[in-house]
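Dear colleague,

I am passing on the structure that we spoke about, and below it you will find a description of what turned up in it. Please read the notes with the model open beside you.

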Amino acid sequence: MTSKKIVVVDDSRTARQQVIMALADAGYDVIEGVDGRDGLSKIVSNPDAALIICDVNMPIMNGLEMLNALKADHPAIQVPIIMVTTEAQLELVQQAKAAGARGWIVKPFKPHMLVAAVRKLVGDT
Amino acid sequence: MFKRLLQYLVLPSQVTRFERDYLARMNRIALLFLFAQVPPLVAVAALSGTGALKAAGLALLTLVGPVAAYLGFRNPRSVTRVFAVAGMCLGGLLVHFGQGPMQIEMHFYFFVLLALLAVFADPMVILIGAATVALHHVTLFALLPRSVFNYDASLWAVAVHALFLVLESVGACFVARSFFDSMIGLERNVGDRTQQLAQRSDELRLMLDTIEQGVLTFDRAGRVAPERSAVLATWLGPCAPGASVWAYLARGDARLAARFEFGWQAVLDDVLPVELALDQMPQRMVVDGRVLELAYRPIGASGAVDGALLLVSDITSRVERERYEEENAEIISVCERILFDRAGFVEFLSDADALVRTVAAPASTSDERRRALHTLKGNCGLSGLPVMARNCHALEDAIAEADELCPAQVENLVTRWRSLHEKIIRLFGEERRGRIELSELEHARLTRAVVDGAPRAEIVRALEGLKLEPVDARLARLADKARVLADRLGKGGVTVRVESNSVRLARADWAPLWSALVHTISNALDHGIEAPDERVAAGKAPTGALDLSTAIEAGDFVFELRDDGRGVDWERVRARALTRGLPAASHEDLVEALFSNGLSTRDEASQYSGRGIGMGALRAVCEDFGGALRVESERGRSTRIEVRIPYAPAAASCRPTFVSASVAPRNDVSLLSAIA
């Protein structure tokens, strides 16, 4: 069985690496996007991804804009999305949730918590 | 065995209210029932020709007992027992007056009545009834056999009657006792259990009233359950009945309430693991100066969340203690700094104070605030105030994420700085400004000049010159900071060379330049100088070198910083400039971009540099002083940054007073040397 693909979109390399380390150890195949625009193209070229983990605050195209663009331009892609955010960005998260994000994870997160969340979301329980 | 049988047959003496009410009703019905026996009895007597009038008289006489008992006995069980005797007596009369072919059938009456007595739920009533029948049969069998049997019955016939009586009595006793235990006694069981529960509830209440932790539960809709610990009312005030947990906790703070509600909604959404979703709900809040820590535990069976338990702890004293410990650690570090470089620290203190004011001032622009924070962070980090540096870093993060500063965070920074500042002043006194430090050698030279009678004007000038600051100390201080920073960045052993060329400057006026240069040096160490293995791979010595020099050239003060690092990656600067919409066509554009605020070629800001602020700060100071910046870089080999500031500018009015100072240095030095 091939491992499930997860797209991680974050402009911070450190943040991406944290996520990747945790998920790679848990056996997932991680695809990186370095900003909203790049993330969108990675999502579009990997429609079989099991999950998208997306930062809110990013240059060029932020997480919310990316979410809206994905919904508007690629309605066929129905990959669940969770947002990564700081505690101060409640309004953005509320908007993201209204736009279809399934949940959100507050930075800084504990790696085992992230893995547990991912497992639950992709149905690996 | 016998004892248990006795306990089975004899009811507990206590008559509950429920039993009393039940028996009162049954006794009333039973009394009417007994009276209802009289007409059939009289009819049987009339039909059998055994004396109807006599039958009526005896029956009514029998009923005197039940009526008297009904009216007189307080214990309904006693009334019932009298009824049993009377009922059986009526049976005796029925058999007696029913003499004839049907006399034996009249015996059915005893058995039916015995069964009916079970309704009183008292085995004793059955036994009394059975005993009455037995006594009746035995007595009359001996004295008046025709009153019982219509044939010449043998003793065995009596024994058969008795056997049936015993069998039915056993069954009726069982029914009566079961009835009592299950129905009549139930009320008492419920009463006992209710009392136990009330006691448990009281114990629980006592615990909730006494416990120092706030405990409450809420359901899926967020409604707070009425059982909660009393201390919550002390901290948060009363909770309106049916109020939601967020309305209660946030006490009018709509934002906090929204965070609670949104967080709880995420728990109910069941998308994330419950543990994580609960972990993301607000963990801490401040109410009337009290710091409360919140922890949540899910309530519900087999994975379903029916609500949550909220544990609230007052951690004010813990937080205070932690802060106290941190502050003490900082004070110790400050002491070390002061012992090491008093003048440097004093200057840092006044610089930092001004920067904190800039951050806090409502009139400051976002850029000014950002720059001040960045400078403050760098200075605090280098001056042994890691907590302040961390606070600044957090504020910078907040600006980067949300492009705005939360007033509470600024307030926190200012408060912290004030308390630190006050403590330092208290420890080291107020006389930190206006000090002139004099080395023994300088002192000796001046003394000699006076003793030897050197020209008065020269002595005056030499004394004036002491007010100026030799840049050597500044450069040495920068070099120290560079070495400390290099160690922290894992680039230890960097060679730092300084050359002052005997330049002296007025202390106060040039302070902003020195502060800004700290950033420039941080940048050079962090971004310019490579890590040892990278340097070796590039064919360089494993440790880098940094040259700092000052000079006066053609009427300009020149500061030069040269490193032998990787040089500026102009392509990267160009890319960054483009993404930020800055011009990037010419080399000048790129230099301009390099010095613009917020541009960093790094992905990540470290604690020391990388937000693109440092270069911007240097440029701002340079512009203020009417100077110019130059960057020359050889890819892979070196970077040279030159700051050139007019030393004797024409527009003295808007320039700092270093103009007058600028004349002094060389003469001063020459004088002192001459005296020596």
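The term pLDDT stands for the predictor's confidence in each residue, on a scale from 0 to 100. It matters here, since what you have is a predicted model. For chain A the average pLDDT is 87, and 96% of the residues score at least 70. Among the elements of chain A, the highest mean pLDDT, 93, belongs to strand E1(A), residues 5-9, whereas helix H4(A) has the lowest, at 83.

The contact between the chains comes next. On the side of chain A there are 18 residues in contact with 17 residues of chain B. The elements of chain A that give two or more residues to this side are helix H1 (13-25), helix H4 (90-98), strand E5 (103-106) and helix H5 (111-122), and of these H5(A) gives the most, with five residues. Sorted by class, the side of chain A that touches chain B holds eight nonpolar, seven polar and three charged residues.

Two packed helices are described by the angle between their axes and the distance between the axes.

In one pair, helix H5(B), residues 76-97, packs with helix H7(B), residues 123-143, at an angle of about 30°, and their axes are 9 Å apart. Because angles under 35 degrees count as roughly parallel, H5(B) is roughly parallel to H7(B). The crossing of H5(B) past H7(B) is right-handed. From H5(B), the residues that meet H7(B) include Ala84(B), Val85(B), Met88(B) and Gly92(B), and those they meet in H7(B) include Val125(B), Ile128(B), Gly129(B) and Thr132(B). By class, the residues of this contact between H5(B) and H7(B) are eight nonpolar, six polar and one charged.

In another pair, helix H14(B), residues 342-360, and helix H15(B), residues 366-382, pack with their axes 9 Å apart at an angle of about 150°. Since angles over 145 degrees count as roughly antiparallel, H14(B) is roughly antiparallel to H15(B). Their crossing is left-handed. Among the residues that make the contact are Phe348(B), Ala352(B), Leu355(B) and Val359(B) of H14(B), together with Arg369(B), Ala372(B), Leu376(B) and Cys380(B) of H15(B). The contact residues of H14(B) and H15(B) comprise nine nonpolar, three polar and three charged.

With kind regards

Note on methods:
Residues are numbered from 1 along each chain as its sequence is written. Chains are lettered from A and ligands numbered from 1 in the order in which they are written. This is a predicted model: local features need pLDDT of at least 70, side-chain atom pairs count only at pLDDT 80 or more; totals for chains, interfaces and linings use all residues. Axes are lines fitted to C-alpha atoms, for helices over the stretch in contact, and angles run from 0 to 180 degrees between N-to-C directions. Helices (H or I, at least four residues) and strands (E, at least two) are DSSP runs, numbered from the N terminus. Angles under 35 degrees count as roughly parallel, over 145 as roughly antiparallel, 65 to 115 as roughly perpendicular and the rest as oblique. A crossing is left-handed if the near helix is turned anticlockwise from the far one by less than a right angle, and right-handed if clockwise. Two residues are in contact if their C-beta atoms, placed from the backbone, lie within 7 Å. Ala, Val, Leu, Ile, Met, Phe, Trp, Tyr, Cys and Pro count as nonpolar, Asp, Glu, Lys and Arg as charged, and the others, Gly among them, as polar.
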